[in-house]
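Thanks for coming. I will go through one structure today, starting with a residue and ending with the ligands.

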Amino acid sequence: MKEVRLENVTKSYDGVTLAIPGINLVCARGEMLALLGPSGCGKSTTLKMIAGIEPISDGAIFFDDTDVSDLDTASRNVAMVFEDYALYPHLSVFDNIAFPLSIRGKPKAEITERVERVMKLLGLREISGEQVQQLSGGAQQRVSIGRALVREPDLIMFDEPLSHLDSDQKVQLRTEIKRLQQTSKLTSVLVTHDQNEAISMADRIAVMDKGVLQQVDTPSAIYNQP
Ligand code: ADP
Ligand code: ADP
């Protein structure tokens, strides 16, 4: 896991207007930082620039001391967890988690060892052979977190990870993600429009509006929560 740092990063999609007029932001190693704000405020743009899916227009992005600004997404070790899980529905839990390693041609013994370790961490061993389409949304999202972790990424991005879950599963999974993030010291960026989600999961919250950071601080400092 690494520290992620944005220095004076700007983004214009059309070369004229600035979707992000200039952002300075650090996600410390082992920290969960939430990007919180309404639709259109620039959360996805920021996430895509960190992941290397969208090029930045100016400034620089660092992973620890490495300037990754010019690296494409395949050359950055960033794992993503999406709201719609993005799993292969007919493949087993095991094979979905193994996928990022299989396509990189890792040896079979290494794949089994790493997938087993991740399944254990996420309580998925009993259902390792089940097709993911048979599972609840919460279990599917745990599989997609497993697929993210198995790469041993520098950073994990959670993009609205709880939006498709019912309220019971939301509470359960957010507790689970938080526990995992703390025990495994995952450098994590959480993108959400849900204030309660940000407060309950993040170490710090970056409140965004119209492409600008309004405030970056702990939940308790921002919302006077105990
Ligand atoms: P959020 O994720 O918070 O909903 P976005 O990052 O998607 O916000 O959008 C920030 C701004 O950038 C918005 O004004 C949006 O219309 C604009 N935008 C996002 N993606 C594109 C794109 N591919 N082309 C042009 N403008 C875009
Ligand atoms: P072989 O094909 O040499 O017998 P394996 O028995 O390791 O190899 O794997 C057979 C299939 O079962 C593969 O698709 C593999 O990804 C999958 N698999 C391996 N271990 C597990 C496990 N613990 N749970 C579920 N599926 C597994």
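By contact I mean heavy atoms within 4.5 Å. With that in hand, take Thr46. Leaving aside neighbours within four places in sequence, Thr46 is in contact with Leu6, Ile20, Ile23, Leu35 and Met208. Between Thr46 and Leu6 there are 9.5 Å, C-alpha to C-alpha, although the two are 40 residues apart in sequence.

Before going on, the ground rules. This is a predicted model, where local features need pLDDT of at least 70 and side-chain atom pairs count only at pLDDT 80 or more, while totals for chains, interfaces and linings use all residues. Residues are numbered from 1 along each chain as its sequence is written, chains are lettered from A and ligands numbered from 1 in the order in which they are written, and side-chain values use heavy atoms, with hydrogens and water left out.

Back to Thr46. Is Thr46 buried or exposed? Thr46 is buried, because its relative accessible area is 0%; buried means under 20%, exposed over 50%, and partly exposed in between, with a 1.4 Å probe and protein chains only. Thr46 sits in helix α1, residues 43-51. Helices here are DSSP runs of H or I with at least four residues, strands are runs of E with at least two, and both are numbered from the N terminus. Of the 9 residues of α1, 7 are buried, and the helix is mostly covered. Those buried residues are Lys43, Thr45, Thr46, Leu47, Met49, Ile50 and Ala51. Just after α1 comes Gly52, with a positive phi of about 85 degrees.

Next, Leu36, which is in strand β3. Leu36 counts as buried because its relative accessibility is 6%. Leu36 and Ala206 are 170 residues apart along the chain, yet their C-alpha atoms are separated by 6.1 Å. Not counting residues up to four places away in sequence, Leu36 touches a list of residues that includes Lys43, Thr192, Ala206, Met208 and Tyr223.

Now helix α5, residues 167-183. The expected span of a helix is 1.5 Å times one less than its number of residues. For the 17 residues of α5 that gives 24 Å, and the end C-alpha atoms are 24 Å apart, so the two agree. Which residues of α5 are buried? They are Leu173, Glu176, Ile177, Lys178, Leu180 and Gln181. As background, an α-helix has 3.6 residues a turn, so residues three or four places apart point the same way. The buried residues of α5 pack against β3 (32-36), α3 (108-121), α4 (137-149), β7 (155-159), β8 (188-192) and α6 (195-201). After α5 comes Lys185, with a positive phi near 50 degrees.

Two loop residues also have positive phi. Ala86, in the loop between β6 (78-81) and α2, has a phi near 55 degrees. Ala86 counts as partly exposed, because its relative accessibility is 38%. Lys210, in the loop between β9 (204-209) and β10 (212-217), has a phi near 50 degrees. Lys210 is exposed, with a relative accessible area of 65%.

On to the ligands. A residue is near a molecule if one of its heavy atoms lies within 4 Å of it. By that rule ligand 1 is surrounded by Tyr13, Ala19, Pro38, Ser39, Gly40, Cys41, Gly42, Lys43, Ser44 and Thr45. A polar contact is a pair of N or O atoms within 3.5 Å. The side chain of Tyr13 puts an N or O atom 3.4 Å from a nitrogen atom of ligand 1. A backbone N or O atom of Cys41 is 3.1 Å from a ligand 1 oxygen atom, and a side-chain N or O atom of Lys43 is 3.0 Å from an oxygen atom of ligand 1. On its own ligand 1 has 550 Å² of accessible area, and the protein covers 55% of it; areas come from the Shrake-Rupley method with a 1.4 Å probe.

Which residues surround ligand 2? They are Phe94, Asp95, Lys108, Glu116 and Ser128. Helices α2 (93-102) and α3 each supply at least two residues of this shell. A polar side-chain atom of Lys108 is 2.9 Å from an oxygen atom of ligand 2. Glu116 has a polar side-chain atom 2.7 Å from a nitrogen atom of ligand 2, and a side-chain N or O atom of Ser128 is 2.7 Å from a nitrogen atom of ligand 2. Taken alone, ligand 2 exposes 550 Å², of which the protein buries 43%.

Conventions: A polar contact is a pair of N or O atoms within 3.5 Å; within protein, one must be able to donate a hydrogen and the other to accept it, and residues adjacent in sequence count only if both atoms are side-chain atoms.
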